[in-house]
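Here is a report on one protein model.

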Amino acid sequence: MLEPILGNYNEHIRNFIHFLDTRVDCMVIYDGPLDIHQHIRERTLYALSVQHRPTKKILRNVYPIMLESQIDLAIRHLQVCSFEADIPTVSNASFQEVDIGRGFFIICGFLRHFPYFFTNDSTHAHMVPKKMVRVFTYDALDWGKELSYYVADCPPKKRGDMVVVGNDGSESIEQVDFFFDHCPYRTDAAAYMAQVYQQNRFDIDSLVNKIVVSPGHLFTKLFVKYLYAPLRKGNWSLIKSKTAFVVKSIETGCLLHVLSRKTVYFKEGKSAGKMTVTPHESHREIGSNGEVFVEKTLDVIEQST
């Protein structure tokens, strides 16, 4: 029954290793205790870290490990702690007490379960009112940006034009060639968008543009959204702060911001329980009338009983 869940996670881990190796010259490592019970006793996170090869710097605990996944078995039974390509296969592994948590994660010493999300995939190219093909991604400061490919004249844009539009409304033609840099495999933007149009996958609400976000997918999106661009630029001060944010998001279970096209902040009203949606730039800010803007956090992980 759990094989599809484990298989999905294993596939995401393999893609993540390939992505790090080919795009940011990094590798996956495990630098925690080999005795998994220590994570439980010390209330810590059982997770993979990412090491930057050129500098040997480590981004710790950025990708939680699913119990009894292929990489978990390699760590616990073979004591393999670095993964640059293939993950060793463990056959006929002997039962260990921790195996009762198969399919779960150890977060702050507790067994936790992450739900699956069924949602629109704005990062999947889709048609916008028969005028353009559009796809969404994030940049270094986690601001969203869209790549639009025009399939009809829309003055001043002409058919075949491509432009990257930021959340602030700015437009850039220069960014088109770098828009798909976050993908594990190199992608020609014009060829890809034209192919999407030719295949008639138009509607964002059609099933082809729906996505089930599994835990492995969620952790990969979390890493890409906040750490990929800073790693590409070698911005270590930003990498440090974003790594702390990624780890905090995992430990607290506040991960819905990973699924959102942009981070939305809520304004606390005078009356208890009243919150109004207010996009805002900082995580906590005092407004002109004394309002406090805070990021709305929702716990998406469930504790095992």
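Buried means under 20% relative accessible area, exposed means over 50%, and partly exposed lies in between (1.4 Å probe, protein chains only). This is a predicted model: local features need pLDDT of at least 70, side-chain atom pairs count only at pLDDT 80 or more, and totals for chains, interfaces and linings use all residues. Residues are numbered from 1 along each chain as its sequence is written, and side-chain values use heavy atoms, without hydrogens and water.

**Backbone**

Helices (H or I, at least four residues) and strands (E, at least two) are DSSP runs, numbered from the N terminus. Helix α1 covers residues 3-23, 21 residues in total. From first C-alpha to last it reaches 30 Å, close to the 30 Å expected at 1.5 Å a residue. The expected span is 1.5 Å times one less than the number of residues. Buried positions in α1 include L6, Y9, F16, F19 and R23.

Most residues other than glycine have a negative phi, and most peptide bonds are trans. Some positions here depart from that pattern. R43 has a positive phi near 55° and sits in the loop between α2 (37-41) and β2 (47-52). N61 takes a positive phi of about 60° and lies in strand β3 (residues 58-64). N61 counts as partly exposed because its relative accessibility is 24%. The peptide bond between P155 and P156 is cis, with omega about 5°. P156 is in the loop between β10 (144-150) and β11 (162-166).

**Rings**

Rings of Phe, Tyr and Trp (its six-membered ring) pair if their centres lie within 6.5 Å; planes under 30 degrees apart are stacked, over 60 edge-to-face, and the rest tilted. The whole structure has 11 aromatic pairs. One of them is F19 with Y228, tilted, at 5.3 Å centre to centre and 45° between the planes. F19 lies in α1 and Y228 in helix α5 (residues 215-233), so the pair ties together parts 209 residues apart in sequence. Both residues, F19 and Y228, are buried. Ring pairs also link Y9, F16, Y63, F105, F114, F219 and F223 into a cluster.

R43 has a ring contact too: its charged end sits over the ring of F110, 4.9 Å from the centre. The criterion is NZ of Lys or CZ of Arg within 6 Å of the ring centre and within 35 degrees of the ring normal. R43 is partly exposed, at 46% relative accessible area.

**Charge pairs**

A salt bridge is a side-chain nitrogen of Lys or Arg within 4 Å of a carboxyl oxygen of Asp or Glu. The structure holds 10 salt bridges, among them these:

| Pair | N to O distance |
|---|---|
| R102 and E3 | 2.3 Å |
| E11 and R14 | 2.9 Å |
| D35 and R41 | 3.4 Å |

Salt bridges that share partners also join D21, D25, R53 and E84 into one network.

Which parts of the chain does the pair of R102 and E3 link? R102 is in the loop between β4 (82-83) and β5 (105-107), E3 is in helix α1, and they are 99 residues apart. Both ends are partly exposed, R102 at 28% relative accessibility and E3 at 48%.

E11 and R14 are separated by about one helical turn, because they are 3 residues apart in α1. Relative accessible area is 38% for E11 and 34% for R14. D35 is partly exposed at 36%, whereas R41 counts as exposed at 56%.
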